[in-house]
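Hello,

Here is the structure for you to look over. My notes follow below.

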Amino acid sequence: MLVALLPGDGIGPEIIAEARRVLEALDLGLGFEEAPVGGSAYKAQGHPLPPRTLDLARRADAILFGAVGDPDCDRLERHLRPEQAILGLRKELGLFANLRPARLFDELLDASALRPEVIRGTDLVIVRELNGDVYFGEKAMRTTADGLREGYDVMSYNEAEVRRIARVGFETARARGGRLCSVDKANVLETSQLWRDVVTEVAAEYPDVALSHMLVDSAAMQLVRDPRQFDVIVTGNLFGDILSDQASMCVGSIGLLPSAALNDAQKGLYEPIHGSAPDIAGQGKANPLATILSAAMMLRYSLAMPEPADRIEAAVAKALAGGARTADLGGTLTAARMTDAVLAAL
Ligand code: GGG
């Protein structure tokens with residue numbers, strides 16, 4: 001089985017190297033091929049998603065992705081910016097379903113900014129739609145007739161797009177606690193009214209799943225007030241992006257949250273939800289656990305290796321239970337020493 005490693009920018013190369021160490025230690029017979037992506041690819045090859053990188057992503061059985069984003073590229077035309085690489089991969093490979101689990105490791109009750117009695121037992125999954133919304137609608141910057149600069153991004157969904165992600169939400173809820181909360185802004189947005197209507201229609205196929213609807217502003221507040229009320233959240237691209245960063249604070253750190261981006265054929269791209277953190281790049285102090293846990297998701301969802309996936313997750317829990325902490329969790333371990341603690345626990 002071939003795994004494409006796309007480290008990207010900032011802390012991306014450091015965390016991908018640590019996840020690779022864990023995968024290699026498991027001796028699963030995986031082959032690895034690496035290619036540039038994001039700002040580093042632009043600097044080396046003139047494009048954030050070079051043809052060879054896209055070709056590798058297509059050939060591979062699964063993709064382990066680091067992070068993209070580079071302040072040096074902020075003023076580039078939009079199609080050349082690092083972020084276009086991840087959007088392009090999601091679109092080219094039809095990766096429409098983004099699973100973002102946020103589960104509190106008991107040992108980290110004290111690492112969150114929220115009170116222990118509020119977060120104890122938090123275990124939720126955000127199912128984020130990944131191929132539509134303002135990320136892919138028509139967008140432009142222009143100057144209006146009266147000389148004002150104006151930017152716009154069109155938010156749009158069609159019912160087929162909503163139906164397929166709704167089904168992923170219901171299936172995920174069916175396999176877990178049986179509760180699905182659909183998050184939208186139906187009191188203001190047409191896209192959200194369509195979203196709510198279609199999700200409600202799909203609910204008829206899943207009588208065993210309890211569906212609720214929540215406005216995104218309320219969901220943001222409820223996530224902090226009482227995250228345990230959520231089992232599975234299904235939502236659009238923009239709202240899912242924001243709510244999952246927020247959910248990470250309920251479980252201790254954004255450095256802990258993995259993700260899977262899947263298409264209909266379970267081909268997957270796996271990445272930490274955090275970005276490239278250029279402020280700490282090259283210092284060896286990034287938390288590698290979100291990427292290591294993304295590798296576990298990759299084994300489970302795309303490579304049909306659930307047993308080593310379980311082992312990685314158990315080893316992460318054991319390392320944390322043993323007191324291993326990177327800076328984001330209030331500790332002093334480097335990325336390499338944190339990985340050592342996971343390897344020792346394996
Ligand atoms: N590893 C996540 C990452 O690189 N994030 C940067 C980014 O631009 N993400 C866009 C998105 O997740 O929609």
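Asp217 sits in helix α8 (residues 216-225); helices are DSSP runs of H or I with at least four residues, strands are runs of E with at least two, and both are numbered from the N terminus. Asp217 is partly exposed, because 13 other C-beta atoms lie within 10 Å. The cut-offs: 20 or more such atoms within 10 Å is buried, 12 or fewer is exposed, in between is partly exposed, with C-beta atoms placed from the backbone.

This is a predicted model, where local features need pLDDT of at least 70, side-chain atom pairs count only at pLDDT 80 or more, and totals for chains, interfaces and linings use all residues. Residues are numbered from 1 along each chain as its sequence is written.

An unreviewed UniProt entry lists Asp217, Asp241 and Asp245 under "binding site". They span 29 residues in sequence, yet no two of their C-alpha atoms are more than 14.5 Å apart, so they gather at one spot. Such annotations may be inferred rather than shown by experiment.

Asp241 belongs to helix α9 (residues 237-250). Asp241 is also partly exposed, with 18 other C-beta atoms within 10 Å.

Asp241 is among the residues surrounding the ligand, including Glu83, Ile86 and Glu271. Near here means a C-beta atom, placed from the backbone, within 6 Å. The shell has five nonpolar, two polar and three charged residues. Ala, Val, Leu, Ile, Met, Phe, Trp, Tyr, Cys and Pro count as nonpolar, Asp, Glu, Lys and Arg as charged, and the others, Gly among them, as polar.

Thr143 is in strand β6 (residues 139-143). Thr143 counts as exposed, because it has 9 C-beta neighbours inside 10 Å.

Best wishes
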